[in-house]
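User: Hey, I'm new to this one. Can you walk me through a few spots?
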Amino acid sequence: MAFTVTVLVTVVALAQEDPVVWISYLPLLPLALLFFSGLYLFALPYRARRRAAR
């Protein structure tokens with residue numbers, strides 16, 4: 001939800017007559033959080049199998 005909001009804010013901000021360029025980097029923080037949490041969730045079953053095999 002945070003990613004969607006930041007993308008919408010970015011689109012509105014860049015549609016202005018004199019856009020602020022650094023605002024285009026705003027969605028990267030929630031996107032990075034989504035990426036790393038997705039990697040963690042992807043690795044969980046493999047880690048559980050590895051622990052069970054010990």
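User: What does Thr 10 count as, buried or exposed?
Analyst: Thr 10 counts as buried, because its relative accessibility is 7% and the cut-off for buried is under 20%. Keep in mind that this is a predicted model.
User: Where is Thr 10, then?
Analyst: Thr 10 sits in helix α1, which covers residues 2-14.
User: And which residues is Thr 10 in contact with?
Analyst: If you skip its neighbours within four places in sequence, Thr 10 is in contact with Ile 23, Ser 24, Leu 26 and Pro 27.
User: New topic: which residues make the nonpolar surface patch?
Analyst: Met 1, Val 5, Val 9, Val 20, Trp 22, Tyr 25, Leu 26, Leu 28, Leu 31 and Leu 34 make that patch, and its area is about 1,100 Å².
User: Which helix gives the most to the nonpolar patch?
Analyst: That's α2, with 3 residues. Both α1 and α2 supply at least two residues each.
User: Where does Trp 22 lie?
Analyst: Trp 22 is in the loop between α1 and α2. Trp 22 counts as exposed, since its relative accessibility is 57% and exposed means over 50%.
User: OK, what about Ser 37, where is its place?
Analyst: Ser 37 belongs to helix α2, residues 28-53. With a relative accessible area of 34%, Ser 37 is partly exposed.
User: How many Å separate the C-alpha atoms of Ser 37 and Val 9?
Analyst: Those C-alpha atoms are 23 Å apart, and Ser 37 and Val 9 are 28 residues apart along the chain.

Technical notes: Residues are numbered from 1 along each chain as its sequence is written. This is a predicted model: local features need pLDDT of at least 70, side-chain atom pairs count only at pLDDT 80 or more; totals for chains, interfaces and linings use all residues. Side-chain values use heavy atoms; hydrogens and water are left out. Helices (H or I, at least four residues) and strands (E, at least two) are DSSP runs, numbered from the N terminus. Buried means under 20% relative accessible area, exposed over 50%, partly exposed in between (1.4 Å probe, protein chains only). Contact means heavy atoms within 4.5 Å. Patches are made of residues with over 30% relative accessible area and no salt bridge: like charges are joined within 9 Å, nonpolar side chains (Val, Leu, Ile, Met, Phe, Trp, Tyr) within 5 Å. Accessible areas come from the Shrake-Rupley method with a 1.4 Å probe; for residues, only the protein chains shown count as cover. A salt bridge is a side-chain nitrogen of Lys or Arg within 4 Å of a carboxyl oxygen of Asp or Glu.
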